Amino acid sequence: MMRRHLPVLITLGVFIAGYLICLAQFPSFASTRVIGNLLTDNAFLGIVAVGMTFVILSGGIDLSVGSVIAFTGVFLAVVIERYNVNPYLAFLLILGIAALFGAGMGLLIHIFEIPAFIVTLAGMFLVRGMCFVLTTDSIPINAPIYGQVTDIAFSLPGGGRLTFVAIVMLLVFALGIVLAHFTRFGANVYALGGNRTSAQLMGVPVGKTTVKIYMLSSFLAALAGIAFSFYTSAGYSLAATGVELDTIAAVVIGGTLLTGGSGTIIGTLVGVLIQGLIQTYITFEGTLSSWWTKIAIGALLFAFIVLQRGLSAASIRTR
Amino acid sequence: MQSLNVQPDLLEISSLTKGFPGVQALDHVHFMLRAGEIHGLLGENGAGKSTMIKVLTGVYRRDAGSIRLDGQEIEARDTAHALSLGIGTVYQEVNLLPNLSVAENLFIGRQPHRFGLVRTGEMRRRSAELLSTYGLDINVTEPLGSFSVAVQQIVAIARAVDLSAKVLILDEPTASLDANEVETLFRILNDLKTRGIGIVFVTHFLDQVYAVCDRITVLRNGRLVGSRPTAELPRIELVSMMLGRELAAEALHRNQRPAVTGDPLVAFKDYGKRRLVEPFDLAVRPGEVVGLAGLLGSGRTETAKLIFGIERAETGQAYVDGKPVRIASARDASRLRFGFTPEDRKTEGIVAELSVRENIILALQAQRGWLHQLTRRRQDEIANRFIRLLDIRTPDAEKPIGLLSGGNQQKALLARWLATEPRFLILDEPTRGIDVGAHAEIIRLIERLCEDGLALLVISSELEEIASYSDRVVVLRERRHVRELSGEDVNADTIMTTIAGHQ
Ligand SMILES: Nc1ncnc2c1ncn2[C@@H]1O[C@H](COP(=O)(O)OP(=O)(O)OP(=O)(O)O)[C@@H](O)[C@H]1O
Ligand SMILES: [Mg+2]
């Protein structure tokens, strides 16, 4: 029982320790303002990370999410600003397009048994290329709804704000948890990650599940793209490069096994928050270059992967 | 409602044909299963039993032939479809999903749910209930992988039994079960039988075949040899149907030999580890076979793991050639030229994508270090020698091992350790999943190895077998070496009573 939850507990421990260190140096970390910003700034990362957790749990990987986020921004900017499409309709359109795109990748992976790595790498280039087909400029989005959404927020006691995008992220996490742990789909995802052949022989609908997983991932990437566009109020083809890797890092730090079959959604939330915490710390510190974020995340990632190896070796030993 | 006396044909397979590159796995096979019968499907390793089951349940596509269930032509698209037709299966190589909980394994794909949400509590309750009919009282929320192979196998059986509305197929389900568990299984099979379910039972344990099967169908090299009521088929005839030749009656028995004397090759004094095995003394001489007998969980495999350094001993001392040695890891052990074929070969041994040759030379190559590559000629020589010696059925040494039949994979694993030419070899259930013909081969091989001065420690649940080749037998009970039998005492009856504990 204990061993199964150990990775998440360790992640949580790291987060709390990190938070306490920050707090010791900068007492303002206790303010709801900092906490609110932590959630808002990482909302888009959190949303994609939920999708990525499902993908990794199933033993796959999705490298296309960064491109999908960028494409979403560019698409919204172009259709809202140039073609005067209603923003709500534009949101629905892009979510639909992304879901179809994800389903397509899932189908390729399943039918032709091509590794997810290859298919989604191709998807990544394809979608990034599509961004440039639409436009090479950075297009600002001035639709009034963008201003309105940014204003929606719960005031927290102490001057902080729980913004709309932060709420959406928390909702996505809540739904992700329900989906992963309390539905048949969730069980099928874990089954696929455990052993694909066994899952198939046990009657798990492997094909359907694979398609749904990548559909979910791309859909959430588009949703993250929408959140990201609220954040930047612009669409830019080169936006969100490397986000797929940050996302994977968050998932792994959150205690999900890269080989699939084991992990939790809530762990991913903590993983995202750890990344955000490091970033905030470096901003507060002021003298450190922002590259230290990457270095810290790299070190953490490495530590977590070693830890997971150790844990899984230990569990085989005690059998 | 069908009357049980008439026993209509439930499943009718005719002219089923299936080829793989280089092998005709099934060649116009006929098979008939009645409602309410237990039907043994027998044959040597590689005869095509598993293939027939997989074609029937939609894992493979057939090349030709027809399958009728209740008179209706069926063609299962995949296992889920086969399940929905009422055919539940325990496949030979599954291994459910170790990362999911026991309850999820039992109910995946059919979890009780409401408003799209799985009713976890309900699922747990029903899982616990289901397993209690098998005398298993475990925490069903724990991952399946945290339980022993035997428990996993029972869960797999419970799942398939619960799923099969019309036909239940068991492909070597009893390999890891102890006598009590097998008895429980048989009780349940008989119960299903009276409910009109047709059961296909694949096994290499002939005792089990005669204990439960109503009829027997034998395959050989992908062809049907015959189908007969069990009562009309004497054992000898069954064996010759399977092998296509007579098996000498004494093949399964070892010639009486004088007791081996001399200094032990390996010796363990007061060797033990808390919660694993209580401290024991054990010595094996060159040319001697020592058997380890006991129920599952009595500490047999644990003893082997301790000796081989997979678990580290906390007390006592090991000696090789009379000199004290330290065995803190499996590497230490293999440096001392110990060999160990583990019990759970399904998951611990084979590298499915590599060829038979590569699998056979793996341990030897690892021992030499990767800088001292065996030449390709030497590799071929070794691989081909063992393929011949153990009669591994494969078109050639280059076939990926994952495509061999289950029993042939096991033989290749045995070959892997034999190829390292160990001085002291530990075999954990060496004949499990291996057909009668090869069974005799392996026992003869064990004898031959002894004559060459190898010291052997063999773990087996089959008492007749262990009695036949062992010079001495150590009996374990509750993680303790309780008694060592030698000479006249090495016979199945004495071993049995010692295990049972009334001396
Ligand atoms: N997927 C596959 N690809 C190629 N050849 C295969 C494949 N599966 C089985 N074979 C071959 O088909 C033959 C029959 O194998 P099968 O697994 O049906 O034997 P079996 O009767 O179940 O034997 P065992 O008692 O060892 O389990 C073997 O020669 C095997 O090598
Ligand atoms: Mg088989």
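**Around ligand 1**

Let us start with Lys399(B): a polar atom of its side chain lies 3.2 Å from a nitrogen atom of ligand 1, which is a polar contact, a pair of N or O atoms within 3.5 Å (within protein, one must be able to donate a hydrogen and the other to accept it, and residues adjacent in sequence count only if both atoms are side-chain atoms). This is a predicted model, where local features need pLDDT of at least 70 and side-chain atom pairs count only at pLDDT 80 or more, while totals for chains, interfaces and linings use all residues. Residues are numbered from 1 along each chain as its sequence is written, chains are lettered from A and ligands numbered from 1 in the order in which they are written, and side-chain values use heavy atoms, leaving out hydrogens and water.

The backbone takes part as well. An oxygen atom of ligand 1 has a backbone N or O atom of Gly46(B) at 2.8 Å, and for Ala47(B) a backbone N or O atom lies 3.2 Å from an oxygen atom of the ligand. On its own, ligand 1 exposes 630 Å², and the protein buries 92% of that (areas come from the Shrake-Rupley method with a 1.4 Å probe; for residues, only the protein chains shown count as cover).

Now step back to the whole shell. It has 22 residues, and the closest are Gly46(B), Ser50(B), Thr51(B), Ser405(B) and Gly407(B); a residue counts as near if one of its heavy atoms lies within 4 Å. Strand E2 (23-34), helix H1 (49-56) and helix H14 (406-418) of chain B each give at least two residues to the shell (helices, H or I, have at least four residues and strands, E, at least two, as DSSP runs numbered from the N terminus). By class, the shell has seven nonpolar, 11 polar and four charged residues; Ala, Val, Leu, Ile, Met, Phe, Trp, Tyr, Cys and Pro count as nonpolar, Asp, Glu, Lys and Arg as charged, and the others, Gly among them, as polar.

Arg423(B) sits in the loop between H14 and strand E19 (424-428), and Asp321(B) in the loop between strand E16 (315-320) and strand E17 (323-325), so the pair ties together parts of chain B that are 102 residues apart in sequence.
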